[in-house]
Amino acid sequence: MSGPDQSPATTRELSGLVCLVTGASSGIGRATALELGRRGAEVALLARSKDKLDSAAAAVQEFGRKVLAIPADVSRSQDVKNAVDQVAAHFGKIDVLVNNAGTTRDNLLLRMSEEEWDEVVNTNLKSAYLLSKAVARIFLRQKGGRIINITSVVGLIGNPGQANYAASKGGLIALTFTLAKELSSRGILVNAVAPGFIETPMTVSLPEAARAAALGTIPLARFGKPEEIAQVVAFLAGPGASYINGTVIRVDGGLGI
Ligand code: NAP
């Protein structure tokens with residue numbers, strides 16, 4: 001099977017939309033920023049590493065899109081506030097928020113430090129609360145918007161050694177359901193995408209034995225590509241997803257069925 005289409009899009013289904021993607025310097029977030037740009041959107045990219053962020057922004061710009069790269073730590077409320085203000089001032093609006101930034105600090109429960117717990121939960125879950133709150137104020141004024149949370153199958157089925165990560169991703173699913181109920185009467189749709197094992201810097205560092213064990217649990221017998229998540233996010237951002245709300249879409253090759 002050939003990979004996802006990387007050619008210039010023939011339709012510009014996201015033309016005119018402004019999308020804010022967190023964790024856009026690497027992996028799934030970078031691929032998502034590119035796919036949104038390929039489909040016509042203007043893209044604001046957030047992450048901490050300026051160099052990688054600038055490189056991702058330059059790649060989106062090659063599609064002829066306006067971009068804005070903002071170095072920011074999504075777990076810090078002041079960073080989030082400044083970043084959202086900057087995006088709104090630069091583009092005049094925000095239409096889609098993709099809460100993608102995430103991290104892991106794996107350990108078994110009895111060895112897991114409070115610092116490991118806090119770093120993962122603050123980066124993966126508190127960030128989504130901070131960003132959704134800041135962006136929802138803008139969506140309410142605009143009478144519409146989309147929030148797409150990148151959770152994980154681990155948030156649905158758990159994983160030994162990842163109590164912090166699984167709790168953060170399960171929390172993100174509950175946040176998705178709740179915000180969908182709170183905000184959809186105002187035209188704001190909230191959904192989540194739950195990737196399985198995807199080839200990114202987050203998973204390449206796994207020990208070979210862990211990779212082999214993970215592979216054995218995937219009916220499609222391969223890891224996914226970041227572009228295969230980006231396709232689903234771009235669909236959720238677009239006109240075809242106008243009646244999808246409060247849903248978690250698993251993109252995992254059948255893992256956990
Ligand atoms: P990745 O390549 O390591 O990318 C993580 C991104 O998050 C980077 O851009 C990183 O940029 C950013 N980030 C981390 N901490 C941040 C912070 N405090 N503030 C701002 N940005 C921060 O990993 P990935 O695999 O693409 O992961 C993307 C999302 O998919 C995560 O939420 C992850 O949990 C989820 N996911 C991944 C998989 C998988 O198998 N790869 C599976 C399920 C779910 P900086 O370091 O520059 O800040």
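Hi everyone, and thanks for coming. One thing to keep in mind as we go: this is a predicted model.

Let's start with the nonpolar interior. In general, nonpolar side chains in soluble globular proteins tend to be buried together. Here, the largest nonpolar core has 32 residues. If you want to find it on screen, look for L20, L46, V84, V87, I94 and L131, the residues with the most contacts inside this core. Which elements give two or more residues to it? On the strand side there are β1 (18-22), β2 (42-47), β3 (67-71) and β6 (188-195). The helices on that list are α3 (77-91), α4 (114-142) and α6 (163-183). Helix α4 gives the most, with 8 residues.

Let me zoom in on L46 for a moment. Setting aside neighbours within four places in sequence, L46 is in contact with a run of residues from L20 to A24, namely L20, V21, T22, G23 and A24.

How many residues surround the ligand? There are 29, and the closest are S26, S49, N100, Y165 and T200. By class, that shell has 13 nonpolar, 13 polar and 3 charged residues.

K169 places a polar side-chain atom 2.8 Å from an oxygen of the ligand. G102 takes part through its backbone, where a polar atom is 3.4 Å from a ligand oxygen. On its own the ligand has 880 Å² of accessible area, and the protein covers 93% of that. The elements giving two or more residues to the shell are α1, α6 and α7 (201-204). Helix α7 has the largest share, 3 residues.

That brings me to N124, in helix α4. Is N124 buried or exposed? It counts as buried because its relative accessibility is 2%, under the 20% cut-off. Not counting residues up to four places away in sequence, N124 touches A101, G102, T103, Y165, S168, K169 and L172. Y165 in that list is one of the residues closest to the ligand. The N124 side chain also reaches the backbone nitrogen of T103, at 2.9 Å.

E35 sits in helix α1, which spans residues 27-38. With 4% relative accessibility, E35 is buried too. Its side chain makes a polar contact with the side chain of R39, at 2.7 Å.

D79, in helix α3, is partly exposed, with a relative accessible area of 26%. Leaving out residues up to four places away in sequence, D79 touches A72 and D73. As for distance, D79 and V120 are 41 residues apart in sequence and 17 Å apart in space, C-alpha to C-alpha.

Definitions and conventions: Residues numbered from 1 in each chain as written. Predicted model: local features only at pLDDT ≥ 70, side-chain atom pairs only at ≥ 80, totals over all residues. Heavy atoms only, no water. Helix = DSSP H or I, 4+ residues; strand = E, 2+ residues; numbered from the N terminus. Buried < 20%, exposed > 50% of the residue type's maximum accessible area, 1.4 Å probe, protein only. Polar contact = N/O pair within 3.5 Å; in protein donor to acceptor, adjacent residues only side chain to side chain. Core = buried A, V, L, I, M, F, W, Y, C linked by side-chain atoms within 4.5 Å. Contact = heavy atoms within 4.5 Å. Near = heavy atom within 4 Å. Areas by Shrake-Rupley, 256 points an atom, 1.4 Å probe, with all protein chains shown as cover. Nonpolar A, V, L, I, M, F, W, Y, C, P; charged D, E, K, R; others polar.
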